[in-house]
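The sequence and the structure come first, and the description follows.

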Amino acid sequence: ANVKYSSSTSTTEYSVGGIVSILQGGTVRNCINKGLIEYDAYGYSANGKGFCGGICGKIDESSLSGNYSHIYNCKNENTIKCSGNSSSTGVGGILGACIAKQTQDGIIPVALFNCENTAQIRGYNYVSGILGKNGYPNVSTDTENYTMSVYNCLNRGNITYDYSQPGGNVIPNNYGYISGKPNNSSVRMINNANDYQVLVYT
């Protein structure tokens, strides 16, 4: 089934996912999204907020202790469109956004394993075939302080930066084939690939 949602406020972050809207400690395994996902964040305005993912809109472990969220062997096969130009926006073929902190014993609490996107992913900020936005950047200069891992994931879909959205007058750095912020040192990347797809500006 297709999922379409429109928010009427610029103060609330909504999360829209093909399988799960918000995951707080748990596992999503062997799921496929085949439905179109469209999210109109506050009338496509520059203040629009929200997260969209083919499998999960947002993983939020900001208030959890000892709980871990994992997404295994999942696939997105249909277009995802997410509007909104604020920093509180993210769209990914698998996961829209992740909010997590590394545990005191060094365990990385969130992981995406063996996931694939084959469809177009379209948005303005933090746009990617697998992971849109990682909400907690590294809190120190230690590059081993990861908050999530992305293993063996593959993007086969085009990534579209929606330049025509209100406020979209500059090309941001927050887009990529695997991660919406490829140089984010808080995300551990292992054995991921992009199958020669292209970045499109509209």
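## Strands, cores and salt bridges

Leu112 has Val150 of strand 19 as its bridge partner. Strands here are DSSP runs of E with at least two residues, and helices are runs of H or I with at least four, both numbered from the N terminus. Strand 14 (110–113) and strand 19 (148–151) run parallel and are joined by 4 bridges. Two strands count as paired if DSSP finds at least two bridges between them.

The model is predicted: local features need pLDDT of at least 70, side-chain atom pairs count only at pLDDT 80 or more, and totals for chains, interfaces and linings use all residues. Residues are numbered from 1 along each chain as its sequence is written, and side-chain values use heavy atoms, with hydrogens and water left out.

**The chain as a whole.** The protein chain contains 25 strands and 0 helices. Of its 202 residues, 51% are buried; buried means under 20% relative accessible area, exposed means over 50%, and partly exposed lies in between (1.4 Å probe, protein chains only). The chain exposes about 8,800 Å², with 45% of that area supplied by carbon and sulfur atoms. Accessible areas come from the Shrake-Rupley method with a 1.4 Å probe, and for residues only the protein chains shown count as cover. Among contacts with a separation of 6 or more, 80% are between residues 24 or more positions apart, a contact being heavy atoms within 4.5 Å.

An open sheet of 5 strands has the order 4-9-14-19-23, with parallel pairing. Strand 4 (26–29) and strand 23 (187–190) are at its edges with a single partner strand each, so one side of each is left without a neighbour in the sheet. On average, neighbouring strands of this sheet are turned by 10° against each other, direction ignored. Axes for such angles are lines fitted to C-alpha atoms (for helices over the stretch in contact), and angles run from 0 to 180 degrees between N-to-C directions.

Another open sheet is formed by 4 strands in the order 3-8-13-18, again with parallel pairing. Its edge strands are strand 3 and strand 18 (131–134), each pairing on one side only. Strand 8 and strand 13 are paired in the parallel sense over 4 bridges, and Ile59 has Cys98 of strand 13 as its bridge partner.

Strand 12 (residues 89–92) is covered on both faces: Thr89 and Val91 on one side are buried, as are Gly90 and Gly92 on the other. Strand 7 (residues 50–53) runs parallel to strand 12 and is joined to it by 4 bridges, with Gly53 opposite Gly92. Strand 12 also pairs in the parallel sense with strand 17 (residues 127–128), over 2 bridges. In that pairing, Gly92 has Ser128 as its bridge partner.

**Nonpolar cores.** In soluble globular proteins, nonpolar side chains tend to be buried together. A nonpolar core is here a set of buried Ala, Val, Leu, Ile, Met, Phe, Trp, Tyr and Cys residues joined through side-chain atoms within 4.5 Å. The largest has 22 residues, and those with the most contacts inside it are Ile71, Leu95, Leu112, Met148 and Val150. Two or more residues come from each of strand 3 (20–23), strand 8 (56–60), strand 13 (95–99), strand 14 and strand 19. Beyond its neighbours within four places in sequence, Ile71 is in contact with residues including Val28, Ile55, Ile59, Ile94, Leu112 and Phe113. A second, separate core has 10 residues, among them Cys52, Cys82, Val127 and Ile159.

**Salt bridges.** The structure holds 3 salt bridges, each defined as a side-chain nitrogen of Lys or Arg within 4 Å of a carboxyl oxygen of Asp or Glu.

| Pair | Closest N to O |
|---|---|
| Lys81 and Glu38 | 3.9 Å |
| Arg156 and Glu116 | 2.8 Å |

Arg156 lies in the loop between strand 20 (154–155) and strand 21 (159–161) and Glu116 in strand 15 (residues 116–117), so their pair ties together parts 40 residues apart in sequence. Arg156 is partly exposed, at 37% relative accessible area. Glu77 is partly exposed at 31%, and Lys75 is partly exposed at 25%. Lys81 is likewise partly exposed at 33%, and Glu38 is partly exposed at 21%.
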